[in-house]
Amino acid sequence: MDDSLRVLSTEVLIAGGGPCGLMLANELGRRGIRTLLVDMKPGTAFNPQANATQARTMEHFRRLGFAQEVRAQGLPADHPTDIAYFTRYTGYELARLSLPTAEQAVRNVRGMTGSWSAAELPHRVSQKFVEAVLRRHAEAHAGNDVRYGWQLLEFRDTGEDIVARVQPTAGGPVQEVRARYLVGADGPRSLVRRTLGIPWAGASGVRRDFMGGQMFAVYLRAPGFYEVFPHARAWMYVSFNAQRRAFMASVDGRAEFAFHAAVHEGEDADAWGEADARRVFAQALGREIDIEVLSCGTWTAGHSLVAQSFQRGRVFIAGDAAHLFTPTGGLGYNTAVEDAVNLGWKLASVLRGAAPPSLLDSYEPERQPLAVRNTGYARQFADSVGLYPARPVLEEGSAAGAQERAAASEHLNAHVRLEFNIPGVTFGGRYDGSPVIVPDGNAPPPDAANDYVPTACPGGRPPHAWLADGRSLFDTFHVEWTLLALGPEPPDVAPFIRSSQAMGMDLKVVHHPDPALRELYEAPLALIRPDQIVAWRGSEAEDAERVLRRARGG
Ligand SMILES: Cc1cc2nc3c(=O)[nH]c(=O)nc-3n(C[C@H](O)[C@H](O)[C@H](O)COP(=O)(O)OP(=O)(O)OC[C@H]3O[C@@H](n4cnc5c(N)ncnc54)[C@H](O)[C@@H]3O)c2cc1C
């Protein structure tokens with residue numbers, strides 16, 4: 001039969017193979033769900049795009065078994081990951097936050113406590129490398145049909161299923177697809193969101209000297225950069241002067257960089273080409289050197305937009321399709337990954353009959369407030385750096401220049417710690433008020449960007465600990481539901497075992513006798529969801545059926 005006439009049947013149609021769509025294919029594929037992922041690009045990202053994988057995202061990559069593989073990408077293992085600010089790259093250094101190399105991160109995390117007690121620390125790596133890892137793992141699952149060079153043309157939700165049309169981007173016969181669900185992980189201009197008619201809420205068009213307005217992005221090779229760069233190496237290089245503000249992330253630790261410069265009012269950067277890329281880069285560097293321009297283009301900073309709805313019937317939106325960030329704090333891609341983590345196990349549970357469809361109604365109330373929170377943090381960071389002016393006197397060799405630089409140093413040294421040391425942002429996201437979280441009457445610690453107080457208060461990330469045998473507590477969690485039984489004499493867990501079996505829930509009891517863990521969790525029992533969120537905690541199992549029923553959506 002002609003391919004164009006055959007209806008392709010799948011369980012989840014994923015539009016978009018950026019980090020969100022690929023992560024979703026991983027979550028679903030590992031659970032045996034059949035997906036069709038289409039992306040109109042010929043392959044994963046060529047441009048570096050996002051630069052930072054936050055610690056919580058790395059913990060999810062660890063859960064899926066490829067955190068080490070991701071950590072091996074990008075910079076060499078011994079390359080510094082400092083964030084440093086200069087008047088120009090060959091000018092004065094103004095501020096610096098030193099952070100561990102990839103090698104040190106793996107070692108250091110084992111001794112970290114308090115806010116940074118974690119299975120993984122952040123990793124500074126370009127999104128293009130992460131996408132390649134995510135794609136490889138997504139394609140390893142037999143149920144995933146990953147098609148780059150294919151686009152979603154249109155779709156309709158019949159109430160029973162999704163009927164969609166996809167087509168090779170290069171042309172060719174249109175293919176009809178039938179799926180149980182559709183997820184629009186199709187980026188900022190999402191066809192899925194627009195078809196559903198879901199409007200944005202929030203702010204856009206915010207103007208700042210930096211990180212508010214048009215930006216000019218250049219992916220470049222500058223093999224001579226370190227020959228002229230007079231300071232200690234970093235990962236992120238920020239240029240702070242009155243002529244041109246810019247930031248630049250090292251992509252490979254050698255010659256490749258992702259350079260982003262603020263465009264001024266009156267400049268027409270959409271018309272800029274390679275010569276302009278060289279000119280603008282030279283302004284940030286403070287001199288000219290040979291560079292090879294691999295790509296350039298514009299993008300807009302100053303968005304903090306969240307879609308007014310994340311779900312209509314059998315259709316969901318996630319990632320940039322559902323929220324648009326200003327990249328300060330590096331939260332856009334990380335929030336996109338967490339959307340996929342949240343939606344993945346829920347779709348799989350419903351498709352396998354292990355949970356009622358009402359479980360899916362918890363996606364929006366859990367992820368939309370998180371998107372509002374995270375876009376808010378990104379906006380706060382953008383204000384902190386972008387509203388602080390760079391005056392011409394900053395570069396003068398005079399006493400006035402020195403004074404201006406001292407003031408800038410003070411501000412930027414405080415700012416860099418605000419934007420780049422964010423355990424509270426990465427670990428502190430919570431689903432309080434969700435219909436599938438069972439509250440225990442306690443209030444969680446206040447939300448704060450730079451401080452994270454571990455708490456097993458239901459609705460958030462479980463507190464982390466390293467076990468006496470060297471394992472991460474998180475590595476002992478089951479891939480689906482985990483009931484933690486903590487302390488030397490935890491209560492009888494039989495009711496949880498009985499009820500989970502009766503409900504078809506895949507639950508594993510994990511006993512850790514160490515009293516310190518019982519103390520950390522402030523309870524002997526805690527129910528951990530497949531996405532490593534505390535659904536419930538308590539001191540007796542009598543209520544197991546009610547707890548499990550609520551946590552799985554009814
Ligand atoms: C220059 C630049 C710098 C950035 N820097 C940072 C940063 O430092 N930190 C950070 O966190 N974020 C940053 N971001 C944002 C980050 O890249 C995004 O938040 C992230 O890519 C979102 O992932 P996603 O999977 O939701 O969407 P995307 O990565 O946009 O993926 C969507 C995919 O959908 C595909 N698609 C669209 N329509 C269709 C269709 N009809 N059919 C099939 N496929 C379709 C597209 O081809 C695309 O591959 C940056 C972005 C850019 C452009």
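I began with the ligand: a backbone N or O atom of G330 lies 3.4 Å from one of the ligand's oxygen atoms. For Y333, I found a backbone N or O atom 3.1 Å from a ligand oxygen, and a polar backbone atom of P19 is 3.2 Å from an oxygen of the ligand. I use polar contact for a pair of N or O atoms within 3.5 Å; within protein, one must be able to donate a hydrogen and the other to accept it, and residues adjacent in sequence count only if both atoms are side-chain atoms.

A note on the source: this is a predicted model, where local features need pLDDT of at least 70 and side-chain atom pairs count only at pLDDT 80 or more, while totals for chains, interfaces and linings use all residues. Residues are numbered from 1 along each chain as its sequence is written, and side-chain values use heavy atoms, with hydrogens and water left out.

Next I checked the cysteines. I found zero disulfides (cysteine sulfur pairs within 2.5 Å). C457 counts as buried because its relative accessibility is 3%, whereas C296, at 35%, counts as partly exposed. The cut-offs are under 20% relative accessible area for buried, over 50% for exposed and partly exposed in between, with a 1.4 Å probe and protein chains only.

Last, I looked at E11: its side chain reaches the backbone nitrogen of R34 at 2.8 Å.
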